[in-house]
Amino acid sequence: MDITRLTIHETNDALKKGEVTFEEVTRAYADRIDALDDNLKAYLLKNREKALEAARTMDKSGVKGDKAPLAGIPYALKDNMCSEGLTTTCASKILANFVPPYNADVYDRLIAEGGILLGKANMDEFAMGSSTENSAYQTTHNPWDTSKVPGGSSGGSAVAVAADMACYALGSDTGGSIRQPASLCGVVGMKPTYGLVSRYGLVAFASSLDQIGPFTKDVEDCALVMNAITGHDAKDSTSLDVAKKDYTRTLKDGVKGMKIGIGRSFSGEGVQPEVQKAMDDAAAILKDNGAQIVDVDFHYLDQALAAYYIIACAEASSNLARYDGVRYGVRADEYTDYIDMYFKTRTQGFGPEVKRRIMLGTYALSSGYYDAYYKKAMQVRTMIVEDFNQVFADCDLMLTPTAAKTAFGIGEKIGNPLDMYLSDLFTVPVNIAGIPAVSIPGGLDQAGMPIGLQLMGPILTEDRILQTAYTLEQAIGFRANQPKCK
Amino acid sequence: MDYDIVIGMEIHAELATKTKIFCSCSTAFGADENTHTCPVCLGMPGVLPVLNKKVVEYATKAGLALNCHIANFSKMDRKNYFYPDLPKAYQTSQFDLPICTGGTVDIEVGGETKHIGITRIHIEEDAGKLLHESADGTLVDVNRCGVPLIEIVTEPDLRGAEEARVFAEKVRNTLEYTGVSDCKMEEGSIRFDVNLSVKEKGSDVLGTRTEMKNLNSFRALQRAIQYESKRQIIELKKGHRIIQETRKWDDVKGVSSSMRSKEEAQDYRYFPEPDLVPIIITDEEIAKSKAELPELPEAKRARYVSEYGLPEYDAGVLTASKVTAKYFEDTVALYNEPKQISNWLMVDIPAHLKEKELSMETIPFGPDALAELLKMVKDDTISGKIGKSVLEKMFESGDRPKAIVEANNWAQMSDSSELMGIIEKIVDDNPKSVEDIAAGNKKAYGFLTGQVMKATKGQANPQLANKIIREVVGKKING
């Protein structure tokens with residue numbers, strides 16, 4: 001049995017049957033990380049010894065796989081989720097030495113489930129980017145073709161799962177940072193409804209857009225992780241106080257009678273032909289399974305991207321102001337006074353993309369520009385919410401490509417920020433409206449790179465989205481493919 | 001040429017919540033540096049604020065007490081600026097939708113009532129403190145970070161130092177009464193900022209204003225206004241222009257000096273706080289807060305006049321402080337002699353408090369002890385004079401007045417047979433006085449009374465002594 005090829009539910013079955021021990025499971029993943037990660041560079045911090053120790057403790061205590069679906073399942077956390085006693089760097093030099101004295105709420109929930117943390121995953125610095133090339137430490141490689149980017153900003157988490165270096169991982173999605181790398185790496189990635197998963201302990205990029213979600217090997221696993229990480233958290237004022245759902249309950253109920261909208265604005269010349277074909281195939285599968293396919297119109301794709309970059313940067317300029325070298329993190333060695341300390345610390349500590357966004361955001365909030373930029377962007381935000389309401393009046397879910405194109409080459413877009421920003425075009429409207437969406441693998445292009453399909457729904461329809469995704473997944477059978485990791 | 005002084009004030013008051021505005025750290029004053037802190041008020045990465053409900057309740061009550069409109073919908077905003085005492089590099093405050101708007105406070109100055117408009121009251125968090133005394137550089141104390149504040153902003157309705165002081169006192173009393181702030185000036189829990197300009201008398205055109213921040217006593221407030229208005233008038237008379245700027249008031253030197261000009265003022269880049277949800281207050285909650293408001297100074301004052309029959313002046317003095325008013329009412333409840341109690345609370349007790357550097361909060365005996373003392377004075381167990389000595393001992397030892405009177409054998413001599421003996425002897429020893437009285441000089445009675453008091457070391461009941469003196473002298477004269 002190749003343990004690391006197993007999904008969460010398969011591993012859990014094996015654990016329950018006593019076919020494997022917790023230690024064997026963790027060791028298999030830890031060994032695979034040791035074997036592959038020097039090339040793939042998905043992990044910023046490897047937690048091998050502590051993970052093995054935790055697994056051994058579980059074996060000794062007589063806990064079995066039936067304790068919880070995630071008990072003993074090894075996973076990775078994106079390095080912007082606080083983990084007590086372990087550095088949490090956000091892939092930034094400014095937090096190189098930052099060890100939080102508290103846990104992110106999601107980490108606490110996974111600890112309670114008996115999860116085994118394998119390590120902290122690489123990312124674009126402060127989650128700003130679409131390729132994970134903006135990490136201050138290392139560039140993560142796409143396991144399907146290591147000359148390609150894994151997407152971003154949660155590229156490390158996506159690669160960890162795609163290359164079987166974690167059974168699942170958590171990422172954060174501000175404008176597509178889970179779904180786009182999931183798409184580029186051929187795994188399942190979900191951005192839940194804003195407020196469904198606590199943001200406490202997630203280092204903020206753009207507070208009104210950030211949302212934590214899972215990377216998994218299949219849709220059923222996604223439902224299991226969602227079951228574990230959702231729930232009200234009094235520490236997060238924006239956390240939704242809604243009844244907890246079991247996302248596995250309706251997973252296999254099919255799509256009969258469901259109305260699936262195909263957004264016309266999400267196709268056209270910018271979309272790679274194989275991506276378009278995967279879309280058409282998916283629509284056909286859904287139709288064959290009894291769903292009704294309808295055309296819908298989403299009007300504000302371009303405006304959404306513009307509004308996104310203003311809102312996200314504005315919030316980021318304020319959220320990242322606390323990295324001033326006064327209380328924690330890295331401080332410049334030499335400075336003349338406190339103003340100079342700020343300048344030098346932030347000049348040395350932040351990378352170019354972070355600086356660019358701080359400047360954009362500061363500008364957008366400045367007196368005299370606020371109305372033209374931030375306020376206008378917030379008005380566009382309202383229009384987008386209304387537009388989605390219109391769309392979902394005509395259909396239950398909307399099917400789109402996650403990204404117009406499959407993974408691009410490392411270094412290809414890093415010199416052209418605008419081009420890079422465009423890779424989030426299909427994912428940002430979801431964050432702006434706060435609605436849920438999933439990306440699932442829809443096949444491979446001619447170069448053997450994964451294609452992602454995105455399903456969006458109205459707020460709190462994760463169950464319906466996963467149910468539809470499951471139907472597609474079963475028909476597509478993507479898991480037969482495996483990346484070469486070379 | 002004559003000038004009008006135009007003043008608007010901003011008053012910051014710390015709310016009397018037990019915990020901070022966004023975390024559960026204590027707000028207690030005077031703790032060791034950085035002991036009342038947690039990841040939230042330290043602004044660590046990834047932490048989130050949760051608004052303390054008490055803050056909303058207290059701000060609502062403050063607004064109601066100052067006759068404001070309470071917004072059903074308001075929100076928090078971020079005010080962005082870098083300073084080492086501000087861990088998040090933004091202060092969470094309220095910008096365009098504050099919790100309270102459009103209030104008014106009536107003040108009486110020179111026998112006239114004046115309405116002072118309250119523009120708005122908003123909620124915000126306090127910043128930390130920089131400690132510059134260390135040789136290693138500047139240190140930061142974060143204890144005060146996140147202590148909840150309200151900022152009260154007035155219309156430019158105040159016309160001078162006196163009005164400003166009366167207004168500030170009124171606001172302070174009201175907040176203290178309402179229980180939303182302890183208003184301890186010495187701990188900085190209430191601070192005053194003054195925006196001041198002068199204009200030609202009768203002109204509609206406002207002059208350029210200056211701002212003086214963090215005045216933390218009524219005296220400083222009054223002096224700073226007097227100085228700054230004079231300075232501006234002199235400048236204008238010289239033909240100079242007033243520069244819009246923040247000025248620092250030096251209370252020791254009694255002068256204000258330029259700190260920074262508004263032209264280089266910061267752009268705070270306010271925007272809605274995305275980590276918090278809007279503040280929704282229902283009409284029912286507003287009504288509940290209103291019902292919970294205690295009797296405010298004005299109403300109390302009127303009641304003291306009507307219910308206790310006190311003069312206006314007494315009512316004003318007693319209600320000027322919540323603690324004094326409570327002490328008064330508690331004493332009256334035990335011993336229903338309002339005017340007598342008022343006299344002692346206004347004159348004798350403050351004199352001792354001042355001398356001993358105490359306040360009504362730290363007075364060493366309770367209303368029951370005061371009632372006991374005043375009863376003894378009233379029923380002639382002791383004289384008023386002895387009563388004052390007893391009071392002094394009460395301040396020194398905290399002992400009960402009865403015990404003090406007994407220990408010192410201060411009870412008045414009210415036994416007529418005992419007094420009779422003493423008086424007969426004094427009358428016998430002073431035949432001249434008796435002759436004087438017989439000749440119609442009644443003043444000699446006073447001399448005899450004095451002799452009796454001297455002989456009894458002040459313990460003779462004066463009324464009784466007088467009565468007996470008259471009897472004895474009468475017998476002497478009439479044979």
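Which strand of chain A pairs with strand β9 (residues 397-401) in the parallel sense over three bridges? The points below answer this and describe the surrounding architecture.

1. The model is predicted: local features need pLDDT of at least 70, side-chain atom pairs count only at pLDDT 80 or more, and totals for chains, interfaces and linings use all residues. Residues are numbered from 1 along each chain as its sequence is written, while chains are lettered from A and ligands numbered from 1 in the order in which they are written.

2. Strand β7 (residues 259-263) of chain A is the parallel partner of β9(A), and G261(A) stands opposite M398(A) of β9(A). Strands here are DSSP runs of E with at least two residues, and helices are runs of H or I with at least four, numbered from the N terminus. Two strands pair if DSSP finds at least two bridges between them.

3. Both strands belong to an open sheet of eleven strands in chain A, ordered β1-β3-β2-β4-β6-β5-β10-β11-β9-β7-β8, with mixed pairing. At its edges stand β1 (43-46) and β8 (292-296) of chain A, each pairing on one side only. Neighbouring strands are turned by 30 degrees against each other on average, direction ignored; axes are lines fitted to C-alpha atoms, for helices over the stretch in contact, and angles run from 0 to 180 degrees between N-to-C directions.

4. Helix α3 (residues 48-60) of chain A packs on this sheet, touching β1, β2 (74-78) and β3 (116-121) of chain A, and its direction makes about 160 degrees with that of β3(A). Contact means that C-beta atoms, placed from the backbone, lie within 7 Å.

5. Strand β5 (residues 188-191) of chain A is covered on both faces: V188(A) and M190(A) on one side, and G189(A) and K191(A) on the other, are all buried (20 or more other C-beta atoms within 10 Å of the residue's own, C-beta atoms being placed from the backbone). β5(A) runs antiparallel to β6 (residues 212-216) of chain A, with two bridges, and antiparallel to β10 (residues 437-444) of chain A, with three bridges. G189(A) has F215(A) as bridge partner in β6(A) and S439(A) in β10(A).

6. Chain B contains an open, antiparallel sheet of three strands in the order β5-β4-β15. β5 (90-93) and β15 (271-272) of chain B each have a single partner strand, so one side of each is left without a neighbour in the sheet. Two bridges join β4 (residues 77-80) of chain B to β15(B), where F271(B) is the bridge partner of R78(B).

Technical notes. A residue is buried if 20 or more other C-beta atoms lie within 10 Å of its own, exposed if 12 or fewer, and partly exposed in between; C-beta atoms are placed from the backbone. Two residues are in contact if their C-beta atoms, placed from the backbone, lie within 7 Å.
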